Amino acid sequence: MIKNFFKIAYRNVVRSKGFSFLNITGLAIGMAAAILILLWIQNEVSVDRFHTNTERIYRVWNRVVEDGAIRCSSNVSAPTARAVEKDLPEVERAVRVTRSSMLFSVGDKKIVKSGGIVDTGFLQMFSFPLLKGDPHTALNDMHSVVLTEKTAKSIFGNDDPIGKTVLLDNKDNFTVSGVMKDQPNNTVFNFDYILPWSYIKLDKKQDLGWNDNSTRTYVMLKQNASLASANAKIKGLKQKYSDEARKMKWELFLYPLERSYLYASFTNGVEDNNGRSKFIQLFGIIAGFILLIACINFMNLSTARSEKRAKEVGIRKVVGAQKASLVLQFIGESVFLSFLAGIIAIIIVLLCLPAYNQFTEKQLAIAISDINTWLLFTGFILFTGLLAGSYPAFFLSSFRPVKVLKGTFKKADALVTPRKALVVLQFSFAIILIICTIIVKQQIDYARSRETGYNKYNLVYHMMTGDIPKNYTLIKDELLQSGVAIAVTKTNSPLTDRWSDGWGQNWKGKDPNDRTSFDRLLEDEGLGKTAGLKFIQGRDLDLKQFPTDSTGLIINESALKIMKFKDPIGQVVSDLGVDWHIVGVVKDFILTNPYEPTRPILICGAKPSFMQFNVIQMKFSGQNPMADNLKKAQAIFQKYNPQYPFDYKFVDESYAEKFDNEKRQGTLAALFAGLTIFISCLGLFGLASYTAENRIKEIGVRKVLGASVAEITTLLTKDFLVLVAISLIVATPIAYWAMNKWLMGYTYRVNINWWVFALAGILSLGIALLTVSYQSVKAGLANPVKSLRAE
């Protein structure tokens with residue numbers, strides 16, 4: 001019986017090559033798109049859930065009332081880890097994690113790597129297995145370093161690295177105590193190496209105190225420990241050790257590691273739905289709809305050609321076939337086609353994966369040798385076949401043999417039919433994606449066009465690596481004297497990032513209840529000239545002319561509004577244990593998120609504080625070709641910092657990276673909109689073809705009676721265009737609601753205009769018209785003699 005089903009299915013595929021091509025192509029593309037999306041989703045939901053103790057690991061978060069709302073932040077004070085172990089009996093261990101970048105030197109080989117500085121219990125808390133070395137002792141020695149397998153190979157080749165010495169940052173020798181298996185691509189811990197936390201002291205950096213929040217801290221609770229009890233005890237821990245925290249009423253809380261990647265987004269202290277989970281849900285829905293649209297094609301084309309199979313069904317029923325056996329036969333045929341499409345889909349996925357990985361910045365792969373992979377694929381293909389074949393199977397098996405064999409089974413076209421409803425559903429989803437693509441692009445362009453408040457062009461920065469801090473003055477002078485740069489300064493962070501913020505500043509007339517958090521920049525002098533900041537009062541810092549500018553302070557307009565100084569120049573602001581005097585006020589400029597309002601900023605002078613100079617900022621001369629500037633700058637840097645590569649970055653490129661996430665969303669929406677339109681048009685093409693074929697005699701009669709090609713084309717296309725127009729009506733309110741909700745996540749956002757929906761409608765109607773016109777014009781040009789000669 002089953003052999004007979006597949007034999008009939010194969011004969012139908014061969015007999016109806018055009019129909020089979022459209023069905024298999026549509027299903028294959030839909031399945032491939034769904035598989036690619038599901039691979040990405042699987043990778044996202046598995047981030048850091050592979051650790052043995054995942055369910056017991058929590059990240060420590062801060063919580064404080066600020067500007068009338070509860071603000072949550074994921075970095076806490078460095079002393080928190082030891083205090084948690086001491087004061088919370090529920091805690092088994094706590095570890096701190098901070099990032100670093102260092103030059104590794106072995107002989108003549110020099111490589112800059114990015115890694116982490118962690119507490120000794122890191123390898124016992126997290127499941128990053130060591131290929132060589134003991135995870136319990138690998139980080140015990142202050143001069144030990146653990147390398148990843150890839151890093152070890154890049155430094156030592158195939159030699160055994162254990163016990164060998166590497167020179168870090170041209171300062172200290174470290175012994176390789178372990179080789180860690182390369183991290184999987186579903187973790188936030190992306191390290192080339194790890195160093196023990198004691199390195200901070202070795203590097204003459206003391207642990208920052210309770211009033212600094214810059215350290216990732218994780219705790220692992222004991223078996224069967226109560227999370228509620230631990231949270232109750234940790235809540236006031238910071239206030240116990242810090243007067244400032246007590247004054248500001250800072251609180252701590254534990255947040256599960258397994259939720260951190262997807263759900264860690266808070267509004268007024270409460271977890272909201274603005275984390276990465278919303279994209280998982282969104283693309284899960286998109287994957288489902290793309291697969292559904294491919295299945296709808298199958299349903300529509302199968303039912304459209306029902307007349308071709310009607311007599312077969314009638315004869316089978318007359319000779320005793322039951323409805324159940326017919327349903328099983330037709331579902332078997334759809335599963336057969338689904339398997340053919342599935343094979344093609346897997347080939348498409350394998351071909352697309354390299355480009356897809358580059359675009360999503362992932363390392364997704366299909367485990368070809370894993371039996372579970374093939375079981376999942378088989379289940380996926382069966383599900384698709386059952387979904388696609390269910391409606392046609394019941395539709396075709398419901399024909400009554402008496403009417404079929406008498407040729408009277410066909411009904412007049414109804415106003416609403418399942419087939420029309422399915423076409424409307426297809427194009428509704430396609431139009432929604434078109435509208436979303438347009439609005440996402442508008443939002444990106446809108447934010448890009450926003451005034452940054454500084455001149456980012458020809459602005460280049462370089463990290464203060466190696467001997468640059470020691471030779472900064474020499475480097476600066478030579479850059480200026482050579483004509484490479486017109487201004488040079490040093491800061492604590494790039495102009496596109498915030499590396500320091502804080503609260504608790506004091507100034508004359510401050511409201512005692514004010515809890516505003518200020519972003520901080522540290523500079524020596526000349527940042528205004530270098531970055532092109534626009535002064536509305538006062539001047540830039542200038543240590544040569546004004547030596548007291550080491551305690552000078554520049555504020556932006558937002559800070560001035562909070563401080564409410566009528567005459568800000570000369571006013572004193574206390575922060576970081578220093579009394580700063582205001583020398584200038586600049587227009588607001590974007591330091592962090594271009595979609596959010598500018599925050600109050602303090603640009604502090606060079607007086608020593610816990611902030612350090614980490615970046616050298618250079619304004620290159622526009623009189624020289626950029627290539628010449630870079631070549632000369634490289635020679636200068638290598639002269640005074642020979643052990644390190646000239647690793648520069650353009651500020652405009654760093655600023656453009658702020659839009660990468662939205663650009664990726666927009667590109668994905670456009671890609672899936674294109675796929676959806678393409679799959680829908682395959683189905684529309686097939687329906688138009690069968691419509692023209694079924695009405696071939698009617699068209700012949702109309703042509704004999706004088707109908708023109710244009711009239712015939714209009715006759716055959718108008719019904720399809722009406723369905724697309726209905727799709728636009730259905731899609732418009734849904735798309736408006738969805739995009740309005742998406743835009744609400746941005747303070748600085750575009751308005752949704754009516755023309756977006758009009759453009760989407762014109763595009764969809766135009767694409768549909770082009771799709772069905774070919775068959776319509778072909779039918780209109782056909783010789784009526786050929787269609788009527790049998791009459």
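This is a predicted model: local features need pLDDT of at least 70, side-chain atom pairs count only at pLDDT 80 or more; totals for chains, interfaces and linings use all residues.
Which residues of S20 lie on one side and which on the other, and are they buried or exposed? Both faces of this strand are covered: Gly-552, Ile-554 and Asn-556 sit on one side, Leu-553 and Ile-555 sit on the other, and all are buried.

**View 1. The whole protein chain, with its 26 helices and 25 strands.** Welcome to the overall picture. The chain has 791 residues, and buried residues make up 50% of them. Its exposed surface comes to about 36,900 Å², with carbon and sulfur atoms supplying 57% of that area. Look also at how the chain meets itself: among contacts between residues at least 6 apart in sequence, 79% join residues at least 24 apart.

**View 2. Strand S20 and its two partner strands, S22 and S23.** Here we return to the strand of the opening question. S20 covers residues 552-556, and five of its five residues are buried. With S22 (residues 578-586), the pairing is parallel and runs over five bridges. With S23 (residues 601-604), the pairing is antiparallel and runs over three bridges. There, Ile-554 has Ile-603 as its bridge partner.

**View 3. Strand S21, with side chains that alternate between two faces.** Follow residues 572-575 along the strand. Ser-574 is a handy landmark for both pairings: Asn-506 stands opposite Ser-574, and Ser-574 stands opposite Asp-579 in S22. Two residues lie between the strands in the hairpin of S21 and S22, where Leu-576 takes a positive phi near 60°.

**View 4. Asp-519 and its contacts with two arginines, Arg-498 and Arg-599.** Asp-519 lies in strand S18 (residues 518-522). With a relative accessible area of 2%, Asp-519 counts as buried because that value is under 20%. Its side chain makes a polar contact with the side chain of Arg-498 at 3.4 Å. A second polar contact, at 2.9 Å, links the side chain of Asp-519 to that of Arg-599. Leaving aside residues up to four places away in sequence, other residues that Asp-519 touches include Ser-500, Asp-501, Leu-591 and Pro-600.

**View 5. Leu-350 in helix H13 (residues 323-360).** Leu-350 has a relative accessibility of 40%, so it counts as partly exposed. Apart from residues up to four places away in sequence, Leu-350 touches Ile-366 and Ile-368. Leu-350 and Ile-366 are 16 residues apart along the chain, and their C-alpha atoms are separated by 7.9 Å.

**View 6. Helix H24, with a bend at Thr-717.** This helix has 35 residues, 709-743. At Thr-717, H24 bends by about 40°.

Note on methods:
Residues are numbered from 1 along each chain as its sequence is written. Side-chain values use heavy atoms; hydrogens and water are left out. Helices (H or I, at least four residues) and strands (E, at least two) are DSSP runs, numbered from the N terminus. Buried means under 20% relative accessible area, exposed over 50%, partly exposed in between (1.4 Å probe, protein chains only). A polar contact is a pair of N or O atoms within 3.5 Å; within protein, one must be able to donate a hydrogen and the other to accept it, and residues adjacent in sequence count only if both atoms are side-chain atoms. Contact means heavy atoms within 4.5 Å. The expected span of a helix is 1.5 Å times one less than its number of residues. The bend at a residue is the angle between axes fitted to the seven residues ending there and the seven starting there. Accessible areas come from the Shrake-Rupley method with a 1.4 Å probe; for residues, only the protein chains shown count as cover. Two strands pair if DSSP finds at least two bridges between them.
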